[in-house]
Amino acid sequence: MDGGVVTILTDFGVDDPYVGIMKGVMLNINPTIRLIDLTHHIPPQNVRAGAFIMAAAYSFFPEKTVHLAIVDPGVGTERRLIAARSKKYFFVGPDNGIFSLVWNHEKPEEIVSLDNPEYWLENISSTFHGRDIMAPVAAYISKGVELSKFGESYTPVGKLPWSPVIIEHGKIRGEIIYIDRFGNLVTSIRVQDIPEDNFPDKVVIRIGKWIIRGISRTYGDASPGSLIALIGSYGYLEIAVTGGSAQEKTGLSWDEPVEVSLL
Amino acid sequence: MDGGVVTILTDFGVDDPYVGIMKGVMLNINPTIRLIDLTHHIPPQNVRAGAFIMAAAYSFFPEKTVHLAIVDPGVGTERRLIAARSKKYFFVGPDNGIFSLVWNHEKPEEIVSLDNPEYWLENISSTFHGRDIMAPVAAYISKGVELSKFGESYTPVGKLPWSPVIIEHGKIRGEIIYIDRFGNLVTSIRVQDIPEDNFPDKVVIRIGKWIIRGISRTYGDASPGSLIALIGSYGYLEIAVTGGSAQEKTGLSWDEPVEVSLL
Amino acid sequence: MDGGVVTILTDFGVDDPYVGIMKGVMLNINPTIRLIDLTHHIPPQNVRAGAFIMAAAYSFFPEKTVHLAIVDPGVGTERRLIAARSKKYFFVGPDNGIFSLVWNHEKPEEIVSLDNPEYWLENISSTFHGRDIMAPVAAYISKGVELSKFGESYTPVGKLPWSPVIIEHGKIRGEIIYIDRFGNLVTSIRVQDIPEDNFPDKVVIRIGKWIIRGISRTYGDASPGSLIALIGSYGYLEIAVTGGSAQEKTGLSWDEPVEVSLL
């Protein structure tokens, strides 16, 4: 009766009816499903941004939520589609690393590749596997169908081109992994990576040609226009500008290295 | 108890609370209704785009879904509002042709004009009949109220200014009927219009000054920047550019004729 | 079982997953809740626009709906968060005046400040109180938890910098309080403020250097490009341009005074 929750993350935008169509497909299979949009504004084909947003959001949902993530530059190629189960959640999407950040924290206990057309729509297009394969599978999972029904056990090959955070010789090295709509530069360094003894004042952050001393508590902690570092709501070290855009002020973008020196 | 599904398609955008207000109105009438946004980003007053999106999406929803479509340049004039019932679905909107494409496939069995103010909000504005008349009627339909309660039987007069696809002398003639956010040019020619013997290679497509030989299987089938033809996820022949925008590359727009020669 | 309705109004946009995360938080607390987006496109930190939209929309929702409004430029400062109960509705948001327009019509019977961390998420960030405090409280209210559980009785201090409409000496004076996406200039003067004897013809409206005689019935009542006044769907006097943008045509913006002379 409760129907279960399915979250949906895509790079489809909301001008076209693609997302609505996938919801119709899922309601046809499970009429009591609860459908929650995470975002449909992932930059087109930016699997990394999708992976970051998924990792930031998945854990706030109820147990057994199905997380459906469709950022799929490989549609039409031989890439596989997968469904996975961790202790608390289910995941459905392409095998391109979109869940790899999540799985650092939420280890999958079972992964299958979506091979069994019994759980797909009858007519499969070559361009819209979200509608034809992934949405139906997500809806069947929300109804309690076991993962083994959808296909063979599978070891994902998709990986994000992300450098791990390196901590050595009193330095923490990461990179910019996400830029939000305010121009805040989110780094791969998490609050847990910074020793408690150094937090918040005994650090110097270097990014591009900029040097930031100490970590601020909130966006409003410095005078307008100042470049600051803070722990954003995702739990990652962010570079921000009080009342402005750090992306604009610095000209920095995705992948830029960042270094935190511990004093 | 299940409450039924109402889909909502408008040109309202999502900056203003118009869509949310219509949802409040419907929840007031039927608290167990399931409300699904198809899109609210139809170009303002573009009834044709609304008709195309509705036709592309309606059939993916469960039986008895109510499809509410509000693209209504005639608000404040004498145009009628209508509710219709086909074998599987219900439709509510202005009588301006917005359902005419759907009805090529899903013949309406009953159409009424919305004359009976008993099923409207108490105070009717002259500018927001979506809130005052159409949303309430859609909600009452989802509760099982019969169409005859809303008004007299009615023959729609609204028609889209669309040329039918013409197939003769080894040529199929259509036009561009929709442009999606990637700049793909969707034509009125459907995959069924192309003889199986000619699909996919034995065709030449002419549009503007461009000539395209054969139909590709996916967007990635040609080198970046190439103009290609393919069958899009809507089931229509589309003109696309691999990794780019066909609208930008060709400068073509809505209404442009397209011709498919069968070899 | 019915779960209740929570509406959500923010300035978060929909690129980032903030809204989806808040929905996950609420579903965790009340799995049968119905979540309705009012809009997430309030101009950043524009509490006035949020207040106007909330006032325009709240009354269309079912009794006991919880209205959650998060436009919160004061996050990270000492501003309070509040929950309120009127005869028909509940309200949750920052104490910055965002509900002050609503409360002109829907007097609150109880207001508390959100002091009791038992009803918050376990880890409170300094930047995202929507997720950590306000969303959980809204979800608990939808489950029937009494306001007194969340904190002490409280008298709000947040006020909008809005001049009341002044009616004297045959003139009504207001100002522009909202601009919609079509460039319509919504004034603070409501239809009730204009004497029936003068409506619609016996008025002259002055705004900036423009003079408009009489109030039109619909947007289409004048020739394209004309500046007109009409009562918009919100019930307020609006300045509009037939087939165009009044904001563009006049160059006027938020706060501009408007005067209606009664003839």
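**Chain interfaces in a predicted model**

Between chain C and chain B the count is 0 salt bridges, a salt bridge being a side-chain nitrogen of Lys or Arg within 4 Å of a carboxyl oxygen of Asp or Glu. The model is predicted, so that local features need pLDDT of at least 70 and side-chain atom pairs count only at pLDDT 80 or more, whereas totals for chains, interfaces and linings use all residues. Residues are numbered from 1 along each chain as its sequence is written, chains are lettered from A and ligands numbered from 1 in the order in which they are written, and side-chain values use heavy atoms, with hydrogens and water left out.

**Chain C against chain B**

- The contact (heavy atoms within 4.5 Å) joins 23 residues of chain C to 25 residues of chain B.
- About 2,200 Å² is buried between chain C and chain B, 56% of it on carbon and sulfur atoms; buried area is the accessible area (1.4 Å probe) that two parts lose on being put together, summed over both.
- On the chain C side, C:Phe60, C:Arg181 and C:Ser233 lose the most area to chain B, together 31% of what that side buries.
- Across this interface 12 residue pairs are in polar contact, both residues at pLDDT 80 or more; the term denotes a pair of N or O atoms within 3.5 Å, where within protein one must be able to donate a hydrogen and the other to accept it, and residues adjacent in sequence count only if both atoms are side-chain atoms.
- Strand β2 (34-39) and helix α2 (47-57) of chain C each supply at least two residues of the side that touches chain B, and the largest share, 5 residues, comes from β2(C); helices (H or I, at least four residues) and strands (E, at least two) are DSSP runs, numbered from the N terminus.

**Chain A against chain B**

- Chain A contributes 25 residues to the contact and chain B contributes 23 residues, and the two chains bury about 2,200 Å² between them.
- A:Asp15, A:Pro17 and A:Thr127 supply 23% of the area that chain A buries against chain B, more than any other three residues.
- Helix α1 (residues 18-29) of chain A gives the largest share of the side that touches chain B, 8 residues.

**Relation between copies**
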